[in-house]
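Visitor: Hi, I'm new to this one. Could you walk me through it?
Guide: Happy to! Let's bring it up and start with a pair of residues.
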Amino acid sequence: QAVVSGQPPLHKSYLSTFNVAYSDLKEFANEQRLILDLDTFDERLCLEFQNWLIKKKKIKASTLRTRIKRISQVLRWAFKKGY
């Protein structure tokens with residue numbers, strides 16, 4: 001699709017960061033027994049997710065920023081599309 005649209009294709013490592021963020025978010029939701037939706041992922045839930053990543057996954061600050069940034073990108077794209 002990227003070639004047809006004239007955009008360069010996305011690098012595999014870039015796409016991988018989205019998949020990892022999604023996997024962590026899904027694991028967090030399962031453990032917390034949450035049903036995540038675009039409307040339910042607010043600032044409070046984001047902070048809980050960050051704390052979970054720090055305590056459970058023991059990830060570094062730079063990795064944490066990347067995970068949250070990827071989730072924010074998806075949310076931004078969804079709102080722009082009207083979802």
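Visitor: Phenylalanine 49 and tryptophan 52: are they buried or exposed?
Guide: Both phenylalanine 49 and tryptophan 52 are buried. Keep in mind that this is a predicted model.

Visitor: How are phenylalanine 49 and tryptophan 52 placed in the helix?
Guide: They sit three residues apart in helix α3 (residues 43-57), so about one helical turn separates them.

Visitor: And how many aromatic pairs does the structure hold?
Guide: There are five aromatic pairs. One of them joins phenylalanine 49 and tryptophan 52, and that pair is stacked, with 6.1 Å centre to centre and 15° between the planes.

Visitor: Why do you give both a distance and an angle?
Guide: Because a pair of aromatic rings is described by the distance of the centres and the angle of the planes.

Visitor: Which residues do ring pairs link into a cluster?
Guide: Tyr14, Phe18 and Trp77 are linked that way.

Visitor: What lies over the face of phenylalanine 18?
Guide: That would be arginine 70, at 5.4 Å from the ring centre.

Visitor: Changing topic, what does the secondary structure come to?
Guide: Four helices and zero strands. Along the sequence the pattern reads α-α-α-α.

Visitor: How much of the protein counts as buried?
Guide: Of its 83 residues, 25% do.

Visitor: And what about the accessible surface?
Guide: The protein's accessible surface is about 6500 Å², and carbon and sulfur atoms account for 55% of that.

Visitor: Last one: what share of contacts join residues at least 24 apart?
Guide: The share is 58%, counted among contacts between residues at least 6 apart in sequence.

Key: Residues numbered from 1 in each chain as written. Predicted model: local features only at pLDDT ≥ 70, side-chain atom pairs only at ≥ 80, totals over all residues. Heavy atoms only, no water. Helix = DSSP H or I, 4+ residues; strand = E, 2+ residues; numbered from the N terminus. Buried < 20%, exposed > 50% of the residue type's maximum accessible area, 1.4 Å probe, protein only. Contact = heavy atoms within 4.5 Å. Areas by Shrake-Rupley, 256 points an atom, 1.4 Å probe, with all protein chains shown as cover. Phe/Tyr/Trp six-rings, centres within 6.5 Å; stacked < 30°, edge-to-face > 60°. Lys NZ or Arg CZ within 6 Å of the ring centre and 35° of its normal.
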